[in-house]
Amino acid sequence: MIYFYDGTKQSFLTALLAAYSDGEAVLSSRSAQLGLGEQSVFVHADPVRAEKAEKRLLRYDPKCMEDLDLLLRSGADDRDKVALDYFRLIAARKCPVRAMLAEDAVAAAEDCIRRVQFEVHRFHGFVRFLESASGALYAPIAPDNDICDLLVPHFRARLPRFPFVIHDVKRKRAAVYDGEHTFLAPLDRAEVALSADEGAWQALWKKYYKSVNIPSRERLKQMRGYMPVRYWKFMPEKFGDLC
Amino acid sequence: MISEEKLQILTESAKYDVSCSSSGSKRKNEGGIGNGYAAGCCHSFTPDGRCISLLKILLSNDCIFRCKYCMSRADADVPRATATPEEICTLVMDFYKRNYIEGLFLSSAVVKSPDYAMEQLVRTVKLLRTEYGFHGYIHVKGIPHADPLLAREAAQYADRMSYNIELPSEASLKLLAPQKSKESLLLPMKQLQREALAFRAEKRRGYFLPAGQTTQMIVGASPEPDGQILRLTQSLYRANGLKRVYYSSYVPVVHDRLLPAVGAKPMREHRLYQADWLLRFYGFTAEEIVEDDGNLSLELDPKCAWALRNPQFFPVEVNRAPLEMLLRVPGIGARSAQKILSARRYARLGFADLQKMRVVLKRARHFLTADGKFFGTENPAALRGLLTAGEARENAVQLDLFRELEAARTARTGEL
Ligand code: SF4
């Protein structure tokens with residue numbers, strides 16, 4: 001049986017309860033082609049049942065909801081299966097399983113979570129703000145995982161006087177810091193009037209990027225490994241290298 | 001706003017300094033902009049594979065010294081530029097705000113006199129901290145022969161300082177950097193080490209080099225063997241409390257009969273970083289890694305080489321070996337060792353379990369048993385061949401996601 005759910009925590013927990021005793025269960029939050037003869041059900045979030053499941057799981061492992069939050073942010077193809085297997089294991093063992101790295105379910109979940117966290121770390125560096133005419137900062141991003149709101153605390157701590165918007169153009173949502181509060185909002189497209197100096201600073205940055213390189217030691221493969229091409233789109237220093 | 005041309009000149013003369021790390025400081029934001037990020041952060045990567053973390057720039061490249069290997073030396077025919085402290089400050093603020101950089105790495109040629117150059121550096125970082133309200137990362141290079149009071153003042157504003165040893169022996173220093181001396185580099189290091197200890201002991205307010213001191217040595221411009229370089233490194237860590245020693249492969253940008261015409265092999269630098277890593281995190285001593293007058297093997301990483309010289313310690317059993325011993329197994333890094341410690345509390349680990357845990361076994365399997373089973377080869381000649389062949393490919397790719405994370409944190413190093 002395929003259990004479709006909408007990718008939210010509540011509907012995941014509801015689906016987990018429904019699928020728990022079904023050994024053949026497949027969990028999916030994406031539209032998938034049904035194979036011949038396969039049965040499916042769409043699980044609607046049930047707040048009461050979800051809360052019950054959450055309480056029970058928290059008794060087994062007080063930190064497991066943080067894992068769930070990160071797993072559900074993952075953009076990996078197999079993340080629904082990974083999350084299902086991991087939470088099934090917690091329910092079966094009735095204790096934290098995080099350190100049982102020889103269990104497939106744990107190794108897979110750990111991997112998935114680390115990838116999300118790693119992308120957050122990377123974007124602390126790779127985010128590029130544009131200065132708007134009003135002085136607010138705007139950064140478009142297209143990360144693999146759903147992380148734009150996770151980036152906010154970092155930038156808020158270092159730029160407390162600057163309102164900023166981190167716009168996930170892939171998921172059409174934005175994490176906003178208005179100088180006081182932070183919130184998430186749906187955002188399809190943004191029209192940003194740039195400050196008068198923005199172009200000149202970008203040009204200086206490109207000049208710096210070019211000057212600090214040592215051409216006789218070219219290691220492009222390594223560069224692309226550290227900074228994959230899919231991230232270049234919004235980085236001014238790489239604009240010329242994307243065709 | 002600084003001109004593009006000036007920026008280019010002052011960056012190109014600064015870029016051979018390899019230190020770029022922004023780690024080790026937890027400086028707080030106090031109302032202006034910026035803070036420290038203890039783990040360090042890479043903002044971009046250049047086509048040479050290096051991380052851009054800090055804006056690495058000289059205040060001036062107009063030098064009165066004549067270090068043979070340096071393209072800014074007094075007698076070189078190169079375009080000269082000097083930036084004003086204000087130009088540097090606004091550049092830092094606007095780059096930082098856009099998240100291009102994690103902070104500033106400010107250095108200078110010896111412009112006019114050592115004291116004058118150092119004064120300009122101090123003025124710039126003081127301005128940046130006090131007038132511009134910048135709390136991001138600042139690394140300041142110390143100018144040899146400058147007044148010790150200036151070094152102390154710089155340390156009150158900087159997160160990290162470095163006096164570059166550049167040449168790993170006094171003889172080479174005399175020959176290639178005649179105006180510098182061992183004392184002019186080591187004494188300020190000692191002074192700052194003492195003052196930092198006093199600052200911490202007295203629990204004074206503010207900061208005094210929270211990210212400590214580092215240094216850099218050029219490899220391959222002078223004849224010192226790796227053994228000598230690593231012993232010097234070890235003593236800098238132990239006696240001078242340095243946080244990092246960087247190695248920079250000599251790149252011939254200058255022609256001089258005292259200098260080799262070809263650059264050092266990048267592999268040599270890579271091996272030195274690996275050996276350095278063994279000193280700092282894996283409990284090895286310089287003496288274990290390489291003999292006094294010897295060089296590191298270019299074919300084998302230093303841990304493999306040590307293991308092959310010391311077969312009496314192997315194989316070790318993953319279910320029993322203490323952490324120190326796991327760390328000595330070729331191919332097992334700190335993270336894998338931790339994973340093993342954690343997982344073996346729950347189950348007896350076999351090879352299949354190690355694989356599931358993503359412990360890379362290609363080299364390690366020759367040096368360990370899992371649940372009593374051995375899957376390596378014991379024939380020393382065959383083993384050497386296998387290890388060397390694997391190495392070549394790995395160095396070409398070297399891109400496992402999580403090793404990358406660690407590498408990214410420490411800029412350019414040789415994580416094993
Ligand atoms: S002191 Fe030596 S290394 Fe430094 S800029 Fe002057 S010539 Fe170059």
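Which residue of chain A forms a salt bridge with B:R358? The partner is A:D111. The closest N and O atoms of the pair are 3.8 Å apart. Keep in mind that this is a predicted model.

Let's start with confidence. The predictor gives the complex an ipTM of 0.93. The pTM is 0.89. Chain B has an average pLDDT of 89. In that chain, 93% of the residues score at least 70. Over residues 393-416, pLDDT stays under 50. The model still has 57 contacts for that stretch beyond four places in sequence.

Now the interface. Chain A brings 61 residues to the contact. Chain B brings 65. How many salt bridges cross the interface of chain A and chain B? The rule finds 6. B:R358 with A:D111, from my opening, is a salt bridge between the two chains.

Over all chains, the structure holds 40 salt bridges. Take one inside chain A. The side chains of A:E54 and A:K9 meet at 3.4 Å, N to O. This pair links distant parts of the chain. A:E54 sits in helix α2, residues 47-60. A:K9 sits in helix α1, residues 9-19.

The largest cavity holds about 640 Å³ of space. Which residues lie nearest its centre? They are B:S13, B:Y69, B:C70, B:K141 and B:E166. In total, 32 residues line this cavity. Two elements of chain B each give two or more residues to that lining: β7 (213-219) and β8 (244-249). What is the lining made of?

Last, two backbone details in chain B. B:F314 and B:P315 are joined by a cis peptide bond, with omega about -5°. Where is B:P315? Look in the loop between α10 (302-309) and β9 (316-317). Then there is B:H145. Its phi is near 70°. That is a positive value in a residue other than glycine. B:H145 is also in a loop, between β5 (137-141) and α4 (148-157).

Key. Residues are numbered from 1 along each chain as its sequence is written. Chains are lettered from A and ligands numbered from 1 in the order in which they are written. This is a predicted model: local features need pLDDT of at least 70, side-chain atom pairs count only at pLDDT 80 or more; totals for chains, interfaces and linings use all residues. Side-chain values use heavy atoms; hydrogens and water are left out. On a 1 Å grid over the protein atoms alone, a cavity is a set of points where a 1.4 Å probe fits but cannot get out, and a pocket is an open set with protein on both sides within 12 Å along at least five of seven lines; lining residues have an atom within 4 Å of a point. Grid points are joined across faces, edges and corners, and a volume is the space filled by probe spheres set on the points. Helices (H or I, at least four residues) and strands (E, at least two) are DSSP runs, numbered from the N terminus. pLDDT is the predictor's confidence in each residue, from 0 to 100. Contact means heavy atoms within 4.5 Å. A salt bridge is a side-chain nitrogen of Lys or Arg within 4 Å of a carboxyl oxygen of Asp or Glu.
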